[in-house]
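Thanks for making the time this morning. I would like to walk you through one structure, going from its helix packing to its domains and then to its ligand.

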Amino acid sequence: MNDFKIDKEKKKTKYFEIYGNVFKNYFKFAPVAAAFSLFNYIIGGLFPAFTALALASLFEEAYNIQQGVGTSGKLLFWGLIYLIAYVLNNIFIFITSLVIELGADKRQVHYRYLMCIKLSRRALIDFENANIRDMQQRAEEHLYGGIMDRIIRSSFQMVFLCALNFITLAIVLAQYSLWFVPLCIISVIPYFIARLIRGKEFYYIKHKMAKKSRRLGYLWGLFTERRTVKELRVLGADDYVFDKWTECRDDVQNELWEQNRKDAVSLLFCDILRIIGYGACIALALVLTLNGTVSVGVFGACIAAFLTLQGATRGILVLGGELPRELAFAGDYFDYINLPDEPENKNNISYDGLRDKIEVRDISFKYPNAEKYAVKNVSLEIKKGEKIAILGENGSGKTTLSKLLIGLFPCESGEIFYDGTPVENLDKTSFHKTISAVAQNFTQYRLPLRENIAMSDIDSLNDDEKITDALHRAGLHELLDKMGLDNELGVAFGGNEISGGQWQKIAIARGLFRESELIIMDEPTSALDPLIETEILTKFIELAKDKTAVIISHRVGLCRLVDKIAVMKDGEIAEIGTHEDLLAQNGEYARLFTAQEKWYR
Ligand SMILES: Nc1ncnc2c1ncn2[C@@H]1O[C@H](COP(=O)(O)OP(=O)(O)OP(=O)(O)O)[C@@H](O)[C@H]1O
Ligand SMILES: [Mg+2]
């Protein structure tokens with residue numbers, strides 16, 4: 001994606017494809033509004049000619065009356081026609097603008113919905129990929145800017161307003177001299193070339209800018225997020241971060257200013273040529289008047305008509321010149337929407353829980369764009385009902401291994417088998433139903449306790465007894481008494497805030513709430529006091545005695561309670577065995593145990 005280059009031929013066909021999609025969706029997502037807007041442009045294109053006709057008839061009748069041949073009835077008739085057309089046109093414009101706005105909003109929702117579906121179907125590993133995040137940023141940004149409707153509006157305006165004006169005025173002027181039309185076209189053609197070149201450049205600048213825009217949003221978020229703003233204040237780093245934000249903003253802004261500067265220069269050049277063209281038109285009309293081809297009245301009319309013709313032609317050329325840029329922006333959205341979904345599971349074997357064992361055979365995995373393997377040649381066996389602890393220093397690959405274990409990321413090599421079936425062949429929905437996973441960076445839902453717990457089994461949302469039981473098991477009875485089930489947690493929307501440890505217990509309760517057979521907990525008690533940690537984990541292991549559990553931790557507190565301990569180092573399993581085995585080995589585990597032993601006395 002970094003080496004984004006446009007193959008000219010490919011882009012040409014792509015433009016048609018993009019336009020086809022935008023056009024189809026314009027009518028499909030909001031048909032009534034689309035019909036209104038189309039009608040609006042047709043009326044808008046014909047209205048000036050119609051009113052001009054009514055007005056001409058009105059004047060003619062007034063002249064006839066003056067000459068004694070006209071009737072006041074006819075005069076009234078044309079006067080009324082003109083008035084009615086004028087009023088109706090204004091009412092129509094008012095209603096149409098409302099309907100068009102509603103239509104634009106409806107289309108936005110549809111486009112956003114498609115994006116939402118895509119987000120839910122993308123392989124999770126893509127969310128670790130900065131380039132794909134850039135694509136997402138571009139798609140969202142253009143959508144916010146209303147690019148799709150803008151394209152259709154421009155093309156309707158080109159075809160119905162400018163083109164109609166162009167044709168009618170060109171016919172009128174051609175009667176007096178055939179030179180007027182080519183003169184007009186030549187005088188404004190630079191607008192087309194300039195918009196085309198500038199548009200292409202602007203597109204590339206914006207394309208490149210996606211990462212900077214994301215960074216800008218991220219840095220701004222550091223000031224506005226409740227958690228980060230406090231840390232920045234205490235660290236005294238807010239000025240530093242603000243400077244970074246300013247630097248990034250200036251960088252973005254300078255590139256945009258540079259574009260604006262080039263735009264202004266090219267526009268000036270185009271305007272000068274247009275004025276020269278207008279001067280040439282006056283000279284031509286003057287010659288025609290002096291040699292008696294046209295009257296003085298027609299001389300004035302020609303000049304006025306030429307100005308309008310120039311305006312209409314310029315409209316067509318500017319909009320036409322900008323269209324490729326707009327289509328390229330819209331193409332960014334479709335590029336994202338057309339990214340492949342997570343590959344379909346070929347076998348889709350339905351799964352109803354572990355019967356015998358999980359086998360991890362020599363797996364390795366590297367994150368996108370990473371140089372180092374996060375997990376390397378790991379082999380492991382977890383029997384049904386076994387409790388295994390995975391220990392290791394920061395960055396040793398524990399979390400990554402847990403994600404590979406439940407098939408969230410695909411292994412680069414090696415395989416993971418559940419009762420002999422490769423994990424990628426299992427039907428994801430039924431497989432994930434049998435797993436409770438408490439992630440290291442779990443989500444704090446700014447929702448009531450009830451929803452925070454039942455999120456793992458939403459069908460039981462109203463099962464108060466079950467929810468209360470999970471809360472008790474995670475040691476949250478006091479919080480339950482204080483907050484009740486239905487009061488919102490967190491101050492974000494006016495609820496009550498709770499502590500980091502309480503949030504962590506809620507995550508554990510959520511994991512316990514789902515009655516699954518395999519439980520994976522990643523640092524479930526890191527925010528808790530070591531003694532409370534031991535208490536919760538002891539209770540947890542008691543409760544999970546028939547279940548299979550993988551518990552990831554830095555701490556050795558739980559290790560006496562589990563059947564097996566794996567110690568990870570640099571993505572590999574350095575040691576594996578029981579508490580006694582590993583102490584006897586006197587290696588990494590023994591070192592960790594001795595260092596932490598005092599906490600648990
Ligand atoms: N999204 C990512 N993209 C690239 N590299 C990553 C990503 N996430 C983790 N890593 C790298 O993979 C390695 C293993 O990370 P992992 O999170 O699995 O470690 P961990 O053992 O769980 O650490 P901790 O104890 O701090 O939670 C680290 O070197 C880390 O830098
Ligand atoms: Mg981790």
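**Helix packing, domains and a ligand shell**

Let me begin with helix 4 and helix 10, which are oblique to each other, because angles under 35 degrees count as roughly parallel, over 145 as roughly antiparallel, 65 to 115 as roughly perpendicular and the rest as oblique. Before going further, please keep in mind that this is a predicted model, in which local features need pLDDT of at least 70 and side-chain atom pairs count only at pLDDT 80 or more, while totals for chains, interfaces and linings use all residues. Residues are numbered from 1 along each chain as its sequence is written, and chains are lettered from A and ligands numbered from 1 in the order in which they are written.

Helix 4 covers residues 130-144 and helix 10 covers residues 296-337, and the two pack at an angle of about 130°, with their axes 8 Å apart. Helices here are DSSP runs (H or I, at least four residues), numbered from the N terminus, and axes are lines fitted to C-alpha atoms over the stretch in contact, with angles running from 0 to 180 degrees between N-to-C directions. On the helix 4 side the contact involves Met135, Gln136, Arg138, Ala139, His142 and Leu143, which meet Phe329, Ala330, Asp332, Tyr333, Asp335 and Tyr336 in helix 10; contact means C-beta atoms, placed from the backbone, within 7 Å. Those residues divide into seven nonpolar, two polar and three charged, where Ala, Val, Leu, Ile, Met, Phe, Trp, Tyr, Cys and Pro count as nonpolar, Asp, Glu, Lys and Arg as charged, and the others, Gly among them, as polar.

Helix 4 also packs with helix 7 (residues 210-224), at an angle of about 85° and with axes 9 Å apart, and the two are therefore roughly perpendicular to each other. Here Arg133, Asp134, Gln137, Arg138 and Glu141 of helix 4 meet Ala210, Lys211, Ser213 and Arg214 of helix 7, a contact with one nonpolar, two polar and six charged residues.

Turning back to helix 10, its packing with helix 9 (residues 238-290) is at about 160°, with the axes 10 Å apart, which makes helix 9 roughly antiparallel to helix 10. By class, that contact has 10 nonpolar, three polar and one charged residues.

As for the domains, the assignment, automatic or from a database, gives domain 1 (8-337) and domain 2 (357-600). Their centres, taken over C-alpha atoms, are separated by 55 Å, and the contact takes five residues from domain 1 and six residues from domain 2.

Finally, which residues come nearest to ligand 1? Of the 13 residues around ligand 1, these are Tyr367, Ala374, Asn394, Thr399 and Thr400, where a residue is near if its C-beta atom, placed from the backbone, lies within 6 Å. Helix 11 (residues 398-405) gives the largest share of that shell, three residues, and by class the shell has three nonpolar, eight polar and two charged residues.

Notes. Contact = placed C-beta atoms within 7 Å.
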